[in-house]
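Dear colleague,

I am passing on to you the structure shown below, and after it you will find some notes on what turned up when I went through it. Please read them with the sequence and the model open beside you.

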Amino acid sequence: MKLLEVKNVSKRFDARSWFGRPGDLVVRDVSLSVAAGQTLGIVGESGSGKSTLLRMMLRLIRPTSGSIIFRGQDLWTLGGAELLAVRREIQAIFQDPASSLNPRQRIGDILLAPLDVHRIGPSKERRDEVVATLLRVGLTADYARRYPHQLSGGQRQRVAIARAIIMGPSVVLADEPTSALDVSVQAQILNLFREIKRNLGLTSVFVSHNLGVVRYLCDSVAVMRQGEIVEIGPSETVFAAPQHPYTRALLDAVPDPRRRLLSSLVPGEG
Amino acid sequence: MASMTSGLAPVLDIQNLTIEFPGQRVVDDVNLEVGAGEIVALIGESGSGKTLTALAILNLLPRQAHVTEGRIMLNHWPMLHLTASQRRELLGDRLAFIPQDSMRALNPMLPVGDQVGEPLVIHRSISWEAARRIAVNLLRAVHLKEPEKRIADYPHQFSGGMQQRAMIAMALALEPELIIADEPTTGLDVTVQAQVIRLLGEIRDRKGTSILFITHDLGLVSDFCDRVYVMYAGKVVEQGSVGDIFDSPRHPYTAALLAATPSALERVSELVSIAGQIPTRGEIEAGCVFAPRCPRAQPLCAEAPVESEMSPRHRVRCWYPRGPIETP
């Protein structure tokens, strides 16, 4: 079942007022869909439009044309209570937890906020839910009293994951959630994300420039270049047998410690 | 490539380098050599002390940080005991630095060509006109298109990759013996990163320039360096050739880093993450710095391990190093 669908979406950021001509299309005529329980990776270099596409899927920016469809409904035709209900189901994790968490709020308040906004349960139960969610992301109850700056990068990203899942969403959209982390911590967060996704049956879209991270987490992958999807398919197919020359160029350019090992297996090399 | 150094004095020789912030040791007893024509990686995660080590060579340490022990020799120059004017003579001429963020390193108010040519005017006393002509050639050498036109451009007119190339061109201007590059490709797209790395390799091959390459990216190291130093929490925990480090890592931290790195080239069913966190300044305990996160830790690890030699030039600071062919 298609849970989330992008239909012929284009985005143009208007530059008319400055130069008297419309800006270029940042995303051009992109269509894709994500089935329930699946994880889609979107990879591309800077300026490829991958983050813009994700922001449109989050209903943060409006497509110039085309539609974003969730459970058969166009996100931009919704309003009021319907929109609030959809917002509960689609949650986001951003790249830099240092700037996406309010520095003046304690972790407990950051996690309570969405429950308060959506008026979920009596306030005592909300606090229990906060503690349960902290435990679920590998933190302890006493983190609720701390401020974001008292946490390491990895711990902050755990809080960001907690904030995304505390509402019991069906979809989590993540934009480069591990690119600010050190390798040893990145692996913890990737494994946590995988575990939570499995346990909660989450559908997710994961934007990254790191092809290794996408191959590890995603069932399928879309490769974007200059606003367009140049290749899309199951991860293992795309990574093992890339069809588009650009996908091949990306894979050739990616630094990877395993390349040594792989090339030494080829006779006549190494 | 490591054989290029045998028998010759190293271009850069760091011995027992110790750097402290008030009350806190952040780099502890680091020994590091870079031979002529060698590309040496200094790899580590945040807080490992890799960048402070590089800044100490350049005398650019933050005000509160001090070298409390050790010496740094660049050929026969004692880098820690130079007068300001001696140091100015060396910087740019014998030793060049490529910083991480070229946008901030370039002067936004000056044309790129002037900045690339400036070292020649200062160190070689040539005219600005001649320096600009050489700048064109330098920019061409780093594969910048139409350098004759681009020298009049300001940094903001360059893309990130072009700015980084301009920094490299500036570093090359006086043909230094050693280039220190601190994460020179962080923030660049992978295809641009590959070009910049290829360029640094070319420079070594053509001019025999030594390069100290500071990075957190294991993949980059395995692709183009000769030897590797792995730092963790202020200490070099393992050093060896690229083959030693990647094919048979002996320190549990090195092996764990490799096992924690996702791959685009190969299917990895489970990344093995390293429990716990990187210690912050002041949290570093006596004994082995990695012991609190180490799966192999034993009571003996409460004492600081001595460095032991696994094979010539492959050294590990661990009481219980892994076997030569264990999988991570």
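**Two helices of chain B**

In chain B, the residues G113(B), V116(B), G117(B), L120(B) and V121(B) of α4(B) meet W128(B), A131(B), R132(B), I134(B), A135(B), L138(B) and L139(B) of α5(B). Sorted by class, this contact of α4(B) with α5(B) is made up of nine nonpolar, two polar and one charged residues. Please keep in mind, here and below, that this is a predicted model. Helix α4 of chain B covers residues 112–124 and helix α5 of chain B covers residues 128–141, and the two pack at an angle of about 115°, with their axes 8 Å apart. The crossing of α4(B) and α5(B) is right-handed. As a general point, an α-helix has 3.6 residues a turn, so residues three or four places apart point the same way.

**The nonpolar core**

The largest nonpolar core has 160 residues, and those with the most contacts inside it are L139(B), A169(B), L212(B), Y229(B) and V230(B). Helix α7 of chain B, residues 160–172, gives the most to this core, with eight residues, and the core draws at least three residues from each of domain 1 (2–94 + 176–317) and domain 2 (105–173) of chain B. In soluble globular proteins, nonpolar side chains tend to be buried together. If neighbours within four places in sequence are left aside, V230(B) is in contact with I43(B), G44(B), V236(B), V237(B), E238(B), Q239(B), I245(B), H251(B), Y253(B) and T254(B).

In the loop between α11 and β11 (307–311) of chain B lies R296(B), which counts as partly exposed because it has 15 C-beta neighbours inside 10 Å. Apart from its neighbours within four places in sequence, R296(B) is in contact with P252(B) and Y320(B). The C-alpha atoms of R296(B) and A171(B), which are 125 residues apart along the chain, are separated by 43 Å.

**Where the two chains meet**

Between the chains, 31 residues of chain A are in contact with 32 residues of chain B. On the side of chain A that touches chain B, at least two residues come from each of α8 (183–200), α9 (211–217), α10 (235–240), α11 (245–253) and α12 (258–264) of chain A, and α8(A) gives the most, with seven residues. By class, that side of chain A has 16 nonpolar, seven polar and eight charged residues.

Most residues other than glycine have a negative phi. Phi of N16(B), however, is near 50°, and N16(B) lies in strand β1 of chain B, residues 12–21; it counts as exposed because it has 11 C-beta neighbours inside 10 Å. Phi of N75(B) is likewise near 50°, a positive value, and N75(B) is placed in the loop between β4 (66–74) and β5 (77–78) of chain B. With 15 C-beta neighbours inside 10 Å, N75(B) counts as partly exposed.

With best regards

Definitions and conventions
Residues numbered from 1 in each chain as written. Chains lettered and ligands numbered in written order. Predicted model: local features only at pLDDT ≥ 70, side-chain atom pairs only at ≥ 80, totals over all residues. Contact = placed C-beta atoms within 7 Å. Helix = DSSP H or I, 4+ residues; strand = E, 2+ residues; numbered from the N terminus. Nonpolar A, V, L, I, M, F, W, Y, C, P; charged D, E, K, R; others polar. Buried ≥ 20, exposed ≤ 12 C-beta atoms within 10 Å, placed from the backbone. Core = buried A, V, L, I, M, F, W, Y, C linked by C-beta atoms within 7 Å. Domains from an automatic or database assignment. Axes fitted to C-alpha atoms, helices over the stretch in contact; angles between N-to-C directions. Left-handed = near helix turned anticlockwise from the far one by under 90°.
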